[in-house]
Amino acid sequence: MTDKDKYEMIIDGRPVATDRVVEVINPASGSVFATVARADRATVDEAVASARRAFPAWAALPYAERVAIMRKIGDVLASHADEVGRLITTEQGKPVAESVGEVVGGSMLAKYLADNVSFEPVTYPSSSGHRIVEHRKPLGVVAAITPWNYPLTLLWIKLLPALLAGNTVIVKPAGTTPLSSVRIGELLNDLLPAGVLNVICDDNDLGDALTSHPGVDNIAFTGSIATGSKVMVSAAATIKRITLELGGNDPAIVLDDVDVADAVGRVYRAATMNAGQVCLAAKRIFVPSRMYDEFCGELVRHAGAEVIGDGMDPATTMGPIQNAMQYARTQGYLEDAHQSGTVIAGGGAHRRARVLRRPHHRPRHPRRCPPRAGRAVLPGGPGLVL
């Protein structure tokens, strides 16, 4: 991890400071450890203008040269995996090995794309005697809006294919985890022409300015369903192409012929990976009644083996809830669990829990659930419903 505590945005190939900053909190300590320059609407205009200026030359660059740059990106990410991984853990909270894995995953994806993806014209045979040729052309400026749970994993799937295809990109990371994206902007600055990659930071207040901007051609967004709906509305006026990866209410269905110990291990991890902060995490678990007690017992065993703490500690297996709003939401789930079911493990804030910054607005209490046979609440996550 870098030792600096002040970060700047990246626009047109240069660092950009502003007179306002976003304070970035280490969720393991509850303390501010760094700041990053905060954009306003004028900054958004500047980033879009930079990306539009850079687009024609980048799109016209021979594909083989973009492939070569993609391979170099893979090498740079691999060589900085430990440094950037530690930065992710400091701002996001997850165990450092998982954070390093996010960076390594980006390196692997860059090299895979370079080796396996082609944007050359494809000719298809036609029974009518005509020749059908498919051309794939870059769209223009892509806005990549990323969440706080996987700051870089969910950046790579937007950024890397867009760059290889010849698009320019504006990255807007989540307000609570902006630093790893800024650091990636710094590292790739030496590989990419000015303006091809821009990174702007906000306090979750400039999404509409970016998604509704007439200079943006495509939006790739990961976040909540409510915000995704707003993105669709804002993109409609200019008929932008959009890709939305939103939340879910995912069930896990356990059949009656499984090995219980094996199934519990899989289900437990599916529900609690990244402290339960995953859009596709198992949130509802359906278990045959005859397995119920044994299943609960195994869940208690797995929960008891969890080591909750600072992600920088190699012994930690589960880090903290990432931000104050999610912490308050999780507290609501715990209250519901105590009132509507049976708590078999955990059921309260961990003894190391610290209060993070107060949320800007009171989160909506989770919808009340009808009584169920039981509810197993696991430490660090929103819980498992049985």
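Tutor: A residue is called buried when its relative accessible area is under 20%, exposed when this is over 50%, and partly exposed in between, computed with a 1.4 Å probe on protein chains only. The model is predicted, so local features need pLDDT of at least 70 and side-chain atom pairs pLDDT 80 or more, while totals for chains, interfaces and linings use all residues. Residues are numbered from 1 along each chain as its sequence is written, and side-chain values use heavy atoms, without hydrogens and water.

Student: Why is arginine 38 called buried?

Tutor: Its relative accessible area is 19%, and the limit is under 20%, so arginine 38 counts as buried.

Student: What makes the contact of arginine 38 and aspartate 205 a salt bridge?

Tutor: The term needs a side-chain nitrogen of Lys or Arg within 4 Å of a carboxyl oxygen of Asp or Glu. Here the N to O distance is 2.7 Å, so the pair qualifies. The whole structure has 16 salt bridges.

Student: Why is this pair said to tie parts together?

Tutor: Arginine 38 is in the loop between strand 5 (31-37) and helix 1 (41-60), and aspartate 205 is in the loop between strand 10 (197-199) and helix 7 (207-211), so the linked parts are 167 residues apart in sequence. Helices (H or I, at least four residues) and strands (E, at least two) are DSSP runs, numbered from the N terminus.

Student: How do you know that aspartate 205 is partly exposed?

Tutor: Its value is 37%, which falls between 20% and 50%.

Student: What separates glutamate 186 and arginine 183 in helix 6?

Tutor: About one helical turn, because they are 3 residues apart in helix 6 (residues 179-188).

Student: Which strands hold lysine 283 and aspartate 250?

Tutor: The side chains of this pair also meet in a salt bridge, at 2.9 Å, N to O. Lysine 283 lies in strand 14 (residues 282-286) and aspartate 250 in strand 13 (residues 250-253), so the bridge joins parts 33 residues apart in sequence. Lysine 283, at 25%, and aspartate 250, at 23%, are each partly exposed.

Student: Which residues touch the most other members of the largest nonpolar core?

Tutor: A nonpolar core is a set of buried Ala, Val, Leu, Ile, Met, Phe, Trp, Tyr and Cys residues joined through side-chain atoms within 4.5 Å. The largest has 69 residues, and Ile73, Leu159, Leu163 and Val169 touch the most other members. A second, separate core of 18 residues includes Ala252, Val254, Val264 and Tyr268.
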